[in-house]
Amino acid sequence: MRVLGIESSCDETGVALFDTDNGLVAHRLYSQIEIHAEYGGVVPELASRDHIRKTLPLIQQVLDDASMSVDQLDGIAYTQGPGLIGALLVGSAIGRSMAWALNIPAVAVHHMEGHLLAPMLEENPPEFPFVALLVSGGHTLLVDVKGVGRYTILGESVDDAVGEAFDKTAKLLGLSYPGGPALAKLAESGKQGRFKFPRPMTNRPGLNFSFSGLKTFALNTIQDHSKESRAPYNLDLQTQADIAYAFQEAAVDTLLIKSCRAMAETKYQRLIVAGGVGANESLRQNLNLKAKKLDFEVYYPRAEFCTDNGAMIAYAGSLRLAAGHTEPPIIKGMPRWRLEDLDAI
Ligand code: KG4
Ligand code: ZN
């Protein structure tokens, strides 16, 4: 079965073709970073308009890459949520209408299920059950995964997502959007031990997270060391890097503590990490060390499939289509959608 996948939930247009016999055939991504950079964050209306411009040409390119024509498709999968409503409606409208016109089934995919299943696109994919640490710009989740669609949320952020905390702290440090990768880069030249950030909610039981305090701690530290009392702050480069280091160290450490706690509680042997922050090298290195020590396996998608992409949507959609799941001919976006509300296959 050849499935076209369309991702348009935020600031990236992703399109891919997944073949259930031959695996991932083609994938392309168009990032809107340049459009949003001058505003310091995603502007929803600009995002929707750009998805409108980019989705159809990207679909054509993916079909060309695969040397296929549109009538060779067997199904279409598109992200229906969660995400920005305008952006979601673009992918949903295009995906659902194409399927209608071609008289093939369509399936709506949950963006976080896409992230969660992305490690399955790699060699040596994990077997069920596993714990998933999903860390993106909008979500921080620890999920008990017993199978496709069999999800129980073990913990989640009560305020900011970890990616959001990276982005907001990066902005305070004067880094350009998207801040996560820029902060990680700056942290490489930071000194260990100069600043010590808290590890929120780690000294009490439970698997929930809170990251907004880390951003506030960063703001206070920046103000204490800035020559200006308000933004734009004025820090010397080394202080900037040391704050980035301490922030990243605390965020990573917090994710590590809670992930290990989830592994101990479930007694599972496998942890998967996905979502944009899953591309963070410090998180990967530290988790790998911990996993070795505690004797469990960690699985990641390749870095480009940690952040948003069409491949994960085409893949998740292919599993659901193969199981007979289809979407009625209704164009719909779901800005909020709980992972636990998905049907099992
Ligand atoms: O999964 P994703 O591409 O989009 C959402 O579904 O939100 O995640 C984007 C988030 C952003 O907050 C971005 O700053 C963060 O992932 N991110 C990183 C890194 N790469 C992306 N954060 C820390 N280190 C990175 N290397
Ligand atoms: Zn995402």
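Glu 156 and Arg 338 form a salt bridge whose closest N and O atoms are 3.5 Å apart; the term denotes a side-chain nitrogen of Lys or Arg within 4 Å of a carboxyl oxygen of Asp or Glu. The model is predicted, so local features need pLDDT of at least 70 and side-chain atom pairs count only at pLDDT 80 or more, while totals for chains, interfaces and linings use all residues. Residues are numbered from 1 along each chain as its sequence is written, chains are lettered from A and ligands numbered from 1 in the order in which they are written, and side-chain values use heavy atoms, with hydrogens and water left out.

The chain is divided into domain 1 (2-117 + 305-341) and domain 2 (129-300), with bounds that come from an automatic or database domain assignment. Their C-alpha centres lie 27 Å apart. In contact across the interface are 21 residues of domain 1 and 24 residues of domain 2, where contact means heavy atoms within 4.5 Å.

The size of an interface is often given as the accessible area lost when the parts come together. Here the two domains bury about 1,800 Å² between them, and 70% of this area is on carbon and sulfur atoms. Buried area is the accessible area (1.4 Å probe) that two parts lose on being put together, summed over both. Of the area that domain 1 buries against domain 2, Met 112, Leu 116 and Cys 306 supply 34%, more than any other three residues.

Across this interface the rule finds 1 salt bridge. There are also 6 residue pairs in polar contact between the domains, both residues being at pLDDT 80 or more. A polar contact is a pair of N or O atoms within 3.5 Å; within protein, one must be able to donate a hydrogen and the other to accept it, and residues adjacent in sequence count only if both atoms are side-chain atoms.

On the side of domain 1 that touches domain 2, α1 (33-37), α4 (111-117) and α10 (311-322) each supply at least two residues. Helix α4 gives the most, with 5 residues. Helices (H or I, at least four residues) and strands (E, at least two) are DSSP runs, numbered from the N terminus.

Of the 18 residues around ligand 1, the nearest are Gly 137, Asp 167, Gly 276, Asn 280 and Asp 308; a residue is near a molecule if one of its heavy atoms lies within 4 Å of it.

| Residue | Polar atom | Distance to an oxygen atom of ligand 1 |
|---|---|---|
| His 115 | side chain | 3.1 Å |
| Asp 167 | side chain | 2.6 Å |
| Asp 308 | backbone | 3.0 Å |

### Further local features

The whole structure holds 17 salt bridges. One of them joins Asp 50 and Lys 54, with the closest N and O atoms 3.2 Å apart. Both residues lie in helix α2 (residues 44-65), 4 residues apart, which is about one turn of the helix.

Most residues other than glycine have a negative phi, and most peptide bonds are trans. The bond from Phe 128 to Pro 129, however, is cis, with omega near -5 degrees, and Pro 129 is in the loop between α4 and β6 (130-135). The bond from Ala 231 to Pro 232 is cis as well, with omega near 0 degrees; Pro 232 is in the loop between α7 (212-225) and α8 (237-266). Ser 67, which is not a glycine, has a positive phi of about 50 degrees and is found in the loop between α2 and β4 (75-81).
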